[in-house]
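Q: Please take a close look at the helical part of this structure. Describe how its side chains pair and what its surface presents.

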Amino acid sequence: KLQQEYDELYEGHEKLSSDWAKLKIEIRDLRKKYNELLGNLNRINSEPLLRKMTIAELKERGFLRSESK
């Protein structure tokens, strides 16, 4: 019985370790994407605003989202 409990705990530990590794990779990828988006935002904010943008341009740059219903 103790061996069975140990095996179950070991399997649970292995699964948690695997899930943790996947989450670390996902977090790394999300941080990379966040930093890219922040860099784009900073670049766009530093550009002089020479004219008003159209709605299509705002959507293209990611300022507006298309509403799908």
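A: Helices are counted here as DSSP runs of H or I with at least four residues, and strands as runs of E with at least two, numbered from the N terminus. On that basis, the secondary structure of the protein chain in this predicted model consists of two helices and zero strands. Helix H1 covers residues 2-46, and helix H2 covers residues 55-60. Of the 69 residues in the protein chain, 1% are buried. The chain exposes about 7,100 Å², and carbon and sulfur atoms supply 57% of that area.

The account of helix H1 may begin with its charged residues. Glu-8 lies in this helix and belongs to a surface patch of negative charge, which it forms together with Glu-5, Asp-7 and Glu-11. The relative accessible area of Glu-8 is 49%, so this residue is partly exposed; the class of exposed residues requires over 50%.

Tyr-6 and Tyr-10 also lie in helix H1, where they are four residues apart, about one turn of the helix. Rings are paired if their centres lie within 6.5 Å, and by this rule there is one aromatic pair. Its members are Tyr-6 and Tyr-10: the ring centres are 6.3 Å apart and the planes meet at 25°, so the pair is stacked, because planes under 30 degrees apart count as such. Tyr-10 has a relative accessible area of 46% and is therefore partly exposed.

Salt bridges come next. Side chains of opposite charge can pair when their charged atoms come close. A search of the whole structure finds two salt bridges. One of them joins the side chains of Lys-15 and Asp-19, with an N to O distance of 3.1 Å. These two residues are four apart in helix H1, so about one helical turn separates them. Asp-19 is partly exposed, with a relative accessible area of 28%, whereas Lys-15, at 52% relative accessibility, counts as exposed.

The other salt bridge links the side chains of Arg-28 and Asp-29, at 3.4 Å from N to O. Arg-28 counts as exposed at 52% relative accessibility, and Asp-29 as partly exposed at 40%.

With 48% relative accessibility, Leu-37 counts as partly exposed. Its C-alpha atom is 9.8 Å from that of Gly-62, a residue 25 positions away along the chain.

The surface also carries a nonpolar patch, formed by Tyr-34, Leu-38, Leu-41, Ile-55, Phe-63 and Leu-64, with about 540 Å² of accessible area together. Helix H1 contributes the largest share of this patch, three residues. Ile-55, another member of the patch, lies in helix H2. The relative accessible area of Ile-55 is 53%, which places this residue in the exposed class, because that class begins over 50%.

In brief, the surface of the predicted model includes a negative patch containing Glu-8 and a nonpolar patch to which H1 supplies the largest share.

Note on methods:
Residues numbered from 1 in each chain as written. Predicted model: local features only at pLDDT ≥ 70, side-chain atom pairs only at ≥ 80, totals over all residues. Heavy atoms only, no water. Patch = residues over 30% accessible without salt bridge, like charges linked within 9 Å, V, L, I, M, F, W, Y side chains within 5 Å. Areas by Shrake-Rupley, 256 points an atom, 1.4 Å probe, with all protein chains shown as cover. Salt bridge = Lys/Arg side-chain N within 4 Å of Asp/Glu carboxyl O. Lys, Arg positive; Asp, Glu negative; His and termini not counted. Charge placed at Lys NZ, Arg CZ, Asp CG, Glu CD. Buried < 20%, exposed > 50% of the residue type's maximum accessible area, 1.4 Å probe, protein only. Phe/Tyr/Trp six-rings, centres within 6.5 Å; stacked < 30°, edge-to-face > 60°.
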